[in-house]
Amino acid sequence: MNKLKLGDNEYNCKWLRSVSEEQAVRTLPMKEVGQVRNAWKQANGKSVRNHNAEKEAPKRKRKPKNEE
Amino acid sequence: MATNICSCASPMFPNGGDPRCLIEMATIAFIVIVPTLDDTGAVNSIDVSSPTVGQDIKDRILATIPVNSRLYPQPRVENATFDRTDTEYETLPSGNKAKTGAGGVRTFAWSLWKKQSSNMYLRELEKLGCTDVSFFIIDQNGNWWGIKDELTSNLLRGYKMDVETFDAYREYALDNTRQKIMVSFDLDKYECESNSYVITKDELGYDATTLRGNLSGYQTLTALLSTELQSVVFTGNGTANDRDDIEGLVLADFTVYNVTTDSAIVASGVVETVPGSYTITIPAQTASDVIRVSISASGYDVADSTVAAL
């Protein structure tokens, strides 16, 4: 993932991964802090949005052995 | 030039009258380097007939002037020497002798110390040698010296440097000495030193020793968002892990340009988030367009940098 779109803003994920969360907030003073924190967390794998999460395949029930 | 005849013009023989007033060149304070030719191939020179000659010179030091027309004041020098090789003669068996034209090469040499002996400045000096350059001499009295090729000319050009001879190296500190940078080069062998003319500090309107050169600056550019760029601006000084930041720049110092579409981008804001790190707000550009940021801050010559738009 190179770009992350949140609201009207497209974030550079490579850069977000190279800085701390606080550095990202400080470097983007004109942006809403909550959005920058969200973007940093998502870029660094600390937060996974439901719609981005990989859907797990439903577990199949194993048939008990020697079932009669 | 010391072994050739500089002029055979009329009046033909050396008249020995005294000038009404003599302005002697005092000890050299520093030199101002100038590329010998500008971008058009014309000799870089100063129009001494300009009523604002002093300001003209100051304006030509600014980093906004094209590199090949700019004046580059250098740091103050110490212990300058001006050795000259002997004039060479051919002597025939009869004892008759005549000048051959060889010899008479003038070598300028000096040292730089204290703040002027930085490694950063040595790296700057190592840039010399690629292009033909000339130099004006600023003496300790604050006067500006150059060469006027014709008496009727209003153009003062620099002394031609033989750039192939330019050398600069570090002198290490000893128990009883400080570190220094040693500099030497030859004057072009065919330069006519007797054509030296001065612009006095009165004519300049200021003491020329007050002129200072720019500091080289560099920037790293990152696209943080589609609408935000980060420019980290620094000089070549500082410690190994603590760069010397260029602080205090403002919006007017930055010029943003879309190289792909060949159009200017109007930045709407610049914030210095930490010393030397600037976040620039721009309108979103087409992804992957090449964006260039130029910086023109007084006292600095900062290299342009480019980045791909997000």
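How many salt bridges does the rule find across the interface of chain A and chain B? Keep that in mind while you load the model, which is a predicted one.

**Stop one: chain A on its own**

Select chain A and colour it by secondary structure. You'll find 3 helices and 2 strands, and if you follow the chain along its sequence, the pattern reads β-β-α-α-α. Chain A has 68 residues, and 31% of them are buried. Now think about contacts in chain A between residues at least 6 apart in sequence: 36% of these join residues at least 24 apart.

**Stop two: where the chains meet**

Bring chain B back into view and select the residues in contact. Chain A brings 12 residues and chain B brings 15. On the chain A side, pick out Glu10(A), Thr27(A) and Met30(A): together they supply 37% of the area that chain A buries against chain B, more than any other three residues. Between the two chains, about 1200 Å² is buried, with carbon and sulfur atoms giving 65% of that area.

**Stop three: the salt bridge**

Back to the opening question: the rule finds 1 salt bridge across this interface. To see it, show the side chains of Lys31(A) and Glu228(B), where the closest N and O atoms are 3.4 Å apart. While you're here, look for polar contacts too; the count between the chains is 5 residue pairs.

Which elements of chain A give two or more residues to the side that touches chain B? Select strand 2 (9-12) and helix 2 (21-27) of chain A, and you have them. Strand 2 of chain A gives the largest share, 4 residues. Colour that side of chain A by class and you get 5 nonpolar, 3 polar and 4 charged residues.

**Stop four: a strand in chain B**

Finish at the turn: strands 17 and 18 of chain B form a hairpin with 4 residues between them. Click on Asp262(B) in that turn, which has a positive phi of about 55 degrees.

Key: Residues are numbered from 1 along each chain as its sequence is written. Chains are lettered from A and ligands numbered from 1 in the order in which they are written. This is a predicted model: local features need pLDDT of at least 70, side-chain atom pairs count only at pLDDT 80 or more; totals for chains, interfaces and linings use all residues. Side-chain values use heavy atoms; hydrogens and water are left out. Contact means heavy atoms within 4.5 Å. Buried area is the accessible area (1.4 Å probe) that two parts lose on being put together, summed over both. A salt bridge is a side-chain nitrogen of Lys or Arg within 4 Å of a carboxyl oxygen of Asp or Glu. A polar contact is a pair of N or O atoms within 3.5 Å; within protein, one must be able to donate a hydrogen and the other to accept it, and residues adjacent in sequence count only if both atoms are side-chain atoms. Ala, Val, Leu, Ile, Met, Phe, Trp, Tyr, Cys and Pro count as nonpolar, Asp, Glu, Lys and Arg as charged, and the others, Gly among them, as polar. Two strands pair if DSSP finds at least two bridges between them. Buried means under 20% relative accessible area, exposed over 50%, partly exposed in between (1.4 Å probe, protein chains only).
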